[in-house]
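Here is a short briefing to read alongside the model. Have the sequence and the 3D view open as you go.

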Amino acid sequence: MSTTTPPRERPRRAAGRASTTTARTHAASGTSGASGAGGRTTGARHNQRWLAWIFLAPTILGMGLFTLVPIVASVVLAFFRWDIISAPTFVGFDNFSEVVQDPTVRVSFLNTIVFVVVAVALQLGLALALAVMVQEKMPAWLRVFFRSAFFFPLILSAASVSIFMRYLFNEQFGVVNWFLSLVGIPAVPWLTTPGGSAAVVILVYVWQNFGFSFLLFIGGLASIPVETYEAAAIDGATAAIDGATGWRKHLHVTLPLLSPTTLVASVMAIISALQVFDQPYVLTRGGPGDSTRTAVMVIFESAFQRLEFGQASAIGVLLTLIIMAITAAQFRLSKRFVFYQ
Amino acid sequence: MTTTTDHGLAGHSPRLSQGLPITTPNRKKFNGSFAVRTLLLLLAAALTLGPVLWTLSTSLRSPSESFKLPPSFIPWNPDFTSYGEVFKQLNIFLLVLNSALVTGVIAVGQMVSAALTGYAFAHLKFRGRGALFSIVLATMMVPVQVTIVPVFMLIRGMGLSDTLLALILPAIPTAFGTFLMRQYFMGLPAELAEAASIDGASPWRTFRSVYAPLAMPGMAIVGILAFNFHWNEFFRPLILTISEQNFTLPLGLVSLQGNLGTGSISVVLAGVVLSMIPALVVFIFGQRALQDGLTAGTGK
């Protein structure tokens, strides 16, 4: 069977996918592998088995201690009231009901949802449009330049980015308002009004992160062969007579073929946007009012400023449930399109 | 066999049985759209690079001139007083040292531990390998914010509160690095191990002298990704460190901004520029590796 990707890639994925089942087969067939002497092989296998555990030890122990135990602890803690100083008391679902009724928590979850929807839509739209434009015919050096330019913000720290963006969006001496004044738009109070702050947080976040979706789309586009477009042209989808056909070509050929990439890109973008913290924390500290307070900021504040560790855990559990629900939806949707391993 | 080649699209896309790479769909005729497209792309590039260039140029103005509008993007006569000022107001050597220490140890730790774990999952046989690997992968989905409260307690319990070790230890076990290294090792033939064992090499020796050297490029990707991520990390250091002598760069910068209030922009921006230099170096030398690493496992 002729393959799409380099043939080397396939068997590897195949093996990876079936790893649960192949582990046993390997173990069985591995014996008859290299050496003939039965006794020696069993010895080697035995040797290999404990060696494997030594190799695994640093990662597995570390993960157990710093990820698995904390997950369990977090869930347990969500049912207790605890301020670190006095002993924890079991309160059942009280934390959850309090958290769900807390107006600040409600607003912050609502903010997070609005943020995710707007930021992810902007991020994906921008990334897709730019990726399509970059992949069309142009000199190689120019393509490299654009790719690097769009990728660049990803390597910066969200904290430093937020610091300089705060100055750029300053109402009086910010460069953004200065540019706007050139086209006759009066100074916008970016960071002092709820709407302005929310807009800045979204813009700064998208500015920094669209490059990641862009890279994914570039990868996805690179796997669509030219023949598809030629076939489409013959079918009349792209009559190639005027500029408008470019749009139709993308609408009818590129977009459907890019759907697996779009799915992955959107889910990754959603999961990371749900966890936004650095930008709103440095840009606005959640204000003015609660207008840019996000779910993670509330976890941070209730745990490390108010010492309500149980409530913080409850909020964390709720956030995780939302993320898991989205991820589960992704797995169901993408089972047919995407490889995992 | 079929299941691996067919990712569900084969039904409606002839491309999947063709397997030819594309970049440029063939458009033979004159393109007025080329100009429009390039202009739009240039505008987008200006928007992504502009703020950074503005930061650089403003940091090179004298503190008193840093508010001036219109902004001069080209610093004709650069003034380095702001940089001197950063060193005065912020113990930047200590911050850089802390950041470098934390980031360096995490990066090396991840490279080594991920290589070991990745090799075990790829080439060693042991009971429960598949299940264990699934668990490792699953931990990738858990956001750091959810485990931070227990991790904070754990760190306190271990007596590591407000130390750099508190930042380092939890960051070394890496699911993503393990995943990357496993992929990498699976790309190396198992025959190498057979050949080595015929030559009498122990399994450890086989890893040490045959596979590990070959996996260096993969380890470099893990290291570069770890460096970029942890150099920029803000959330964990904010919670796990308390005293300024244990701050990392991003924390120091944010505190510098707080100290100055609306004081001098150029000083804060000089600090920002200083903090970007290592990221820039990584960007220049590791761009390809970073891009490949970031998009690895996304089914691109």
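The notes below cover a helix pair in chain A and a serine in chain B.

This is a predicted model, in which local features need pLDDT of at least 70, side-chain atom pairs count only at pLDDT 80 or more, and totals for chains, interfaces and linings use all residues. Residues are numbered from 1 along each chain as its sequence is written, chains are lettered from A and ligands numbered from 1 in the order in which they are written, and side-chain values use heavy atoms, without hydrogens and water.

**Helix H6(A)**

**Packing of H5(A) on H6(A)**
- Helix H5 (residues 103-135) of chain A packs with H6(A) at about 160 degrees, the axes being 10 Å apart.
- That angle makes the two helices roughly antiparallel (over 145 degrees).
- Contact (heavy atoms within 4.5 Å) is made by Leu130(A), Val134(A) and Gln135(A) of H5(A) with Arg143(A), Phe146(A), Arg147(A) and Phe150(A) of H6(A).
- These contact residues divide into 4 nonpolar, 1 polar and 2 charged.

**Ser113(B)**
- Ser113(B) sits in helix H4 (residues 92-123) of chain B and is buried, at a relative accessible area of 4%.
- Leaving aside residues up to four places away in sequence, Ser113(B) touches Pro58(A), Thr59(A) and Ile172(B).

Definitions and conventions: Axes fitted to C-alpha atoms, helices over the stretch in contact; angles between N-to-C directions. Helix = DSSP H or I, 4+ residues; strand = E, 2+ residues; numbered from the N terminus. Parallel < 35°, antiparallel > 145°, perpendicular 65-115°, else oblique. Nonpolar A, V, L, I, M, F, W, Y, C, P; charged D, E, K, R; others polar. Buried < 20%, exposed > 50% of the residue type's maximum accessible area, 1.4 Å probe, protein only.
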